[in-house]
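Dear colleague,

Please find below the sequence and the structure that I am handing over to you. My notes on its pockets follow.

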Amino acid sequence: MNEQLWARLGEEINAFQEEIRELPVTTPVAPDKVRVHLEKRFDLEAPMPLAEVVAETQQFLRRWSTHVTSPRYFGLFNPSVLEPGIVADVLAALYNPQLAAWSHAPAACEMERLVLQRFAEKLGLDPDDTAYSFTSGGAEANLQATLAALAQHFPETGAEGLFALPGRPALYLTAESHHSFVKIARMAGLGTASLREVACAENGTMDPAALREEIARDRAEGLLPFMVVATAGTTGAGQIDPLPEIAEVAEAEELWLHADAAWGGAAVLSERLRPLLEGIERADSITWDAHKWLSVPMGAGMFFCRHAGAVERAFAITTSYMPDETGGALDPHRTTAQWSRRATGLKVFMSLAALGMEGYAALIEHQTRMGTLLRDKLEAAGWLVVNDTPLPVVCFIHPEVRAGALSTAELLEKIYERGRVWISDVAYAGETVFRACITSYRTEKDDLDCLVEEVELAREQVAACAE
Ligand SMILES: *Cc1c(COP(=O)(O)O)cnc(C)c1O
């Protein structure tokens with residue numbers, strides 16, 4: 001046991017969190033440069049003292065990471081991590097519980113079960129009548145949803161595969177849905193032609209009338225509609241599809257409704273924001289990532305499903321070499337896509353234990369307030385906010401960019417060079433706009449001012465070059 005090493009690691013954990021606001025959020029670098037430095041520092045043939053390995057590794061990670069835990073990272077839904085999550089990942093590595101089988105990890109399995117049960121209640125599901133599991137992330141939870149929906153609708157495919165079907169299964173989503181469904185369509189053997197894109201209403205959310213029409217058209221052509229994906233907080237613009245209306249259509253058409261709330265799901269933890277997700281409790285399955293708005297380290301996704309039988313049909317197997325199930329507890333490897341699995345849920349359990357639902361609600365409401373404030377500040381500085389959501393994702397554009405005088409890519413280059421903030425651009429409603437998400441619970445007013453300053457400065461710089 002190297003006490004000094006652990007003491008130093010503790011120092012770094014403190015120092016990094018204290019210094020994060022001052023570190024460049026991003027340091028642009030070419031792959032070759034990182035590779036050359038790595039080979040210089042790490043021989044990998046002869047042994048190297050662990051303390052040195054740690055020190056070098058830390059330097060590399062500090063220097064060449066986009067620091068998603070910075071309060072000035074306004075990016076994709078990657079959060080700042082809460083301390084309980086860091087501790088939990090160390091404990092998960094230390095005890096290394098094997099979550100394939102309940103008997104190998106009674107404590108970790110039951111901790112996962114408890115936290116998922118509480119979250120199921122918050123979603124409005126009956127916790128005693130819901131199947132739930134941790135996943136590697138939202139993409140895997142969406143995959144599990146699709147496989148469960150197929151198993152429910154077409155039980156014969158378990159043995160015969162999609163070949164058993166007289167037509168092509170159809171899954172409904174929109175252009176704003178997460179692109180994991182493209183991969184899922186391929187992985188599940190559906191093919192991307194099974195993805196049916198439903199038109200959006202003017203505000204960019206799924207149009208339930210268009211959904212109904214598309215289903216009717218497809219049925220007339222011999223397709224086999226089986227699933228609708230509604231997104232509660234789109235990746236691009238944070239918008240929420242109209243869940244109650246989509247649930248009506250899904251029920252009338254007897255389709256599986258999946259709610260992809262990978263990021264937005266956290267809103268159910270706040271009494272004030274919960275009404276935004278009204279209708280999510282009617283979904284047959286739900287994706288909700290803990291490693292997004294719940295501020296735990298990657299990767300921790302969550303999957304909830306009202307049909308335990310479908311989940312079992314999709315994933316259950318028996319083997320001679322795995323231990324038997326214990327006293328009514330389900331073995332994760334029989335109810336999920338993964339087999340051997342680390343204690344993914346430990347960091348969620350420990351974070352919830354430390355913060356309580358109250359603590360989480362406060363963080364989520366704080367970030368939502370910062371989003372509203374950012375919208376105001378941008379508009380005051382002459383920028384146009386183009387997306388329509390109460391959640392803290394702000395899509396915006398400057399009239400000069402919209403007029404074609406400047407491009408978002410040129411502005412981003414300037415912003416990344418300075419490295420004070422990180423934002424991205426995104427295609428939204430036929431144009432490229434900036435996207436800023438309040439993804440860190442650490443973000444405060446000063447950080448918003450810094451962001452507005454940076455986009456303004458970049459605009460002035462690029463405009464001056466163009467003259
Ligand atoms: C992020 C995201 C996903 C994918 O989740 P991962 O955790 O990255 O696998 C799926 N759906 C939505 C709406 C997302 O925002």
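In the counts below, Ala, Val, Leu, Ile, Met, Phe, Trp, Tyr, Cys and Pro are taken as nonpolar, Asp, Glu, Lys and Arg as charged, and the others, Gly among them, as polar. Please bear in mind that this is a predicted model.

The largest pocket has a volume of about 990 Å³. Its lining consists of 28 residues, and I13, F16, L61, V81 and I86 are those that lie nearest the centre. Two or more lining residues come from each of helix 1 (3–19), helix 3 (50–63) and helix 4 (83–95). Helix 1 is the element that gives the most to this lining, namely six residues. By residue class, the lining of the largest pocket holds 16 nonpolar, seven polar and five charged residues.

The second largest pocket contains about 570 Å³ of space. Here, too, the lining is made up of 28 residues, with R113, A131, Y132, L330 and T335 closest to the centre of the second largest pocket. At least two lining residues are supplied by each of helix 5 (106–123), strand 1 (131–135), helix 11 (308–315) and helix 12 (332–335). Among the contributors to this second lining, helix 5 gives the most, with six residues. The residues lining the second largest pocket divide into 13 nonpolar, seven polar and eight charged.

With kind regards

Methods
Residues numbered from 1 in each chain as written. Predicted model: local features only at pLDDT ≥ 70, side-chain atom pairs only at ≥ 80, totals over all residues. Heavy atoms only, no water. 1 Å grid on protein atoms, 1.4 Å probe; cavity = no way out; pocket = protein on both sides within 12 Å on 5 of 7 lines; lining within 4 Å. Points joined across faces, edges and corners; volume = space filled by probe spheres on them. Helix = DSSP H or I, 4+ residues; strand = E, 2+ residues; numbered from the N terminus.
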